[in-house]
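Dear colleague,

I am handing over the structure below, together with an account of what was found in it. Please read the notes with the model open beside them.

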Amino acid sequence: MVILLSLYLFIADAREKIANAEITRQQLSFLETLDLFTDTDERLVQLLADGNNEAWLHLAKHHGDSNANTAYQLAEYFRRDEQITSAQLWYQVAIRQQHVAARIALANIYFKQQQYVNIKPLLLPIAGNEKALALLYKVALYQGELAFIEDHKNMLAQGGNVGLYNELEHFAVFSDSQRQSEEKLEQHIEKKTNKNLACSVDVQLFATSLKGLRHGQQLMSAFAHHKLAKYICLRTPKYISEKAINCLHGVSENISCNASVWITRNDITSRYLGVIVEQGGANVDHGIMYIDQDDNLDVLIHELSHFIGFVDEYPLPKQHQKCQQVQQSPFAHNLVVLADFYLGEREKLRASILSQVPWRNLIKPSTPILSKYQQGWTLATPVKYQNEIGLFTTASCNKQRKTQAFKPLSSRTKLEYFELYFPERYLNIIELAPKLFLMPSYYFNLRRDLAY
C-alpha cells in the first residue's frame, strides 16, 4: 500500500511539474517507466489542447532527443516562429532518428537559403520519395547537373511527379533526342501564331532554373495582352544551365553572360534571346535581353522595347556611343541627338533638323521646335506645347555635355521609369517604320564573344 501511495504521489507531482514546465529529464524518464496509463506523446497532445504552449515546449525538448516525431514537431514549431537556426537543429535531431519528412523540410530551408550543396546528402538516400525527387530536380536545374536530370527522368515521370515531368518536357529540359518532336510541334504552332500577330521580331526565352522557367511562362502570358505584343513575339522558355552561360556579375550589377554558348544550340530560330537568371540587373546587350527571375512585366516591357528601337530616356553612361557626337542619321524611334543651338533662317533650319527626326510626320506644322535665343535659335519645343508631339529635351545624354538628346513627348515614360506607361504615341511612331531601328540579332553577341 505504501508503495502504491508513493507511486501515486510521484506521478501526481510529475504531472504538476509538467504542467508548470518544471520537470527534469531524469524525472520524465522515471515517469515514463512508472506511468502505465499515459505516455509522453499523449501528454504533449493534451498540453496543446489545453493551450499550455510553454509546458509543451519544455516537455517536447526533453522528449525530442529520443523521439523522432517530437523532434520534428519541435522543428516545425520553430520554423513557424521563424527561429530558423533552432528549427534546423531539431530537424537534424529528427533526421538522426530516421525521420523522412525532416529531411525534406530541412532541404527546403537550405533551398531558400541557396545552400544547394547541403541538399543532395539529405535527399539522395530518399530519392524514391516524390517530394525529395522533385526538390532534387530543382537543385539539379540550378546546378546544371545534366546527368542527374537525364538519369532520373523515368523515375520522375511516375506517380505524383508526372506533372513536373510534363512541365520540364514542355520547357525542353531533357535531352536533344527527346526534344525534337516537341520542338517541331512548338515551332509549327509558334510560326502560325507569329504569322497571325505579324510580329516584327521574335524572342526565344531561356531560364537557368525551374523558378525562372515558370516566371518566364507567366511573363509571356501577361505580355500577350500588351500592345507591344503586336510587334514582339515571345517563345516558350527553354532550359539552359547557369554553368553553360557562365554569368559573371554581382547581385547589384547588370547581368553579364558569355554568349559563345549559343553556337552549340541548334534549336534557335528567333532573332533575339531573352535569358532569365537567378539575380542581377536587367539589361539588353545587343541581341540578348537579360532579366532576373523576380523582375516583373514592367521591366520586361522596358527591356523588350530596346530590341525594336527604343533607347533609354534616363542618363546613359558617359561613354555611350550615341552621346559622343551629333547624330549623322536617325538611330531610334524615340530619341535624337542634335545640337541645341543654331544660326540661320528658321524655316530652312526646321526642315534640316526634322530630316533627322524619325517622328517628323507626327509633328504638326504649327508646333514649334526652335525658339529665338540671342543671335540664333535654341532647339526644343516650348513648354506651352507640352501636350503635342515635338522635340523635348531628355536626360539620355546628360552625362556628356557635348550633346543634347531629344524625345517626342514632354512627359516621362516607361523608357525612363519601369513603372510608367508605354505611350500610345510611341506605338504610332513604330507604325511609321516597324523594322527600321531593330537591334542586331544575337549573332552579334556570339561573334563578339567568340573573338575574345
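Strand S1 is mostly covered, since 7 of its 7 residues are buried, where buried means under 20% relative accessible area, exposed over 50% and partly exposed in between, computed with a 1.4 Å probe on protein chains only. This is a predicted model, in which local features need pLDDT of at least 70 and side-chain atom pairs count only at pLDDT 80 or more, while totals for chains, interfaces and linings use all residues. Residues are numbered from 1 along each chain as its sequence is written, and side-chain values use heavy atoms, with hydrogens and water left out. Helices (H or I, at least four residues) and strands (E, at least two) are DSSP runs numbered from the N terminus.

In a regular strand the side chains alternate between the two faces of the sheet. In S1 both faces are covered, with Val201, Val203, Leu205 and Ala207 buried on one side and Asp202, Gln204 and Phe206 buried on the other.

S1 belongs to an open sheet of 5 strands in the order S2-S1-S3-S5-S4, with mixed pairing; two strands are taken to pair if DSSP finds at least two bridges between them. Strand S2 (232-239) and strand S4 (283-285) stand at the edges, each with a single partner strand, so one side of each has no neighbour in the sheet. On average, and with direction ignored, neighbouring strands of this sheet are turned by 25° against each other. S1 (residues 201-207) runs parallel to strand S3 (residues 272-277), to which 5 bridges join it, and phenylalanine 206 has valine 275 as its bridge partner in S3. The pairing of S1 with S2 is also in the parallel sense, over 6 bridges, and here alanine 207 has tyrosine 239 of S2 as its bridge partner.

In the loop between S4 and strand S5 (288-292) lies histidine 286, which has a positive phi of about 50° although it is not a glycine. Its relative accessible area of 29% makes histidine 286 partly exposed.

Another histidine, histidine 215, is placed in helix H14 (residues 210-223) and counts as buried at 15% relative accessibility. Leaving aside neighbours within four places in sequence, histidine 215 is in contact (heavy atoms within 4.5 Å) with Asp292, Gln293, Asp294 and Asp295.

**The three-stranded sheet**

A further open sheet, of 3 strands in the order S7-S9-S8, has antiparallel pairing. Its edges are strand S7 (341-342) and strand S8 (370-373), each with a single partner strand, so one side of each is left without a neighbour in the sheet. S7 and strand S9 (residues 376-379) run antiparallel and are joined by 2 bridges, with tyrosine 342 standing opposite tryptophan 377 in S9. Helix H17 (residues 346-354) packs on this sheet, touching S7, S8 and S9, and its direction makes about 135° with that of S8; axes are lines fitted to C-alpha atoms, for helices over the stretch in contact, and angles run from 0 to 180 degrees between N-to-C directions.

**Helices**

Helix H6 (residues 84-96) and helix H7 (residues 100-112) pack at an angle of about 145°, with their axes 9 Å apart. Ile84, Gln88, Tyr91, Gln92, Ala94 and Ile95 in H6 meet Ala102, Arg103, Ala105, Leu106, Ile109 and Tyr110 in H7. By class, this contact has 9 nonpolar, 2 polar and 1 charged residues, where Ala, Val, Leu, Ile, Met, Phe, Trp, Tyr, Cys and Pro count as nonpolar, Asp, Glu, Lys and Arg as charged, and the others, Gly among them, as polar.

In the loop between H7 and helix H8 (119-123) is glutamine 114, whose phi is near 60°, a positive value in a residue other than glycine. Glutamine 114 counts as partly exposed, at 42% relative accessibility.

In helix H12 (residues 162-170), Leu164, Tyr165 and Leu168 are buried. Seen down the axis of H12, these buried residues fall within an arc of 105°, so they line one face of the helix; the arc is that of the directions from the helix axis to the C-beta atoms. Just after H12, alanine 172 takes a positive phi of about 55°.

In helix H18 (residues 424-432), the buried residues are Tyr426, Leu427, Ile429 and Ile430. Viewed down the axis of H18, they fall within an arc of 155°, so they too line one face of their helix. Strand S11 (404-407) is included in what covers the buried residues of H18.

With kind regards
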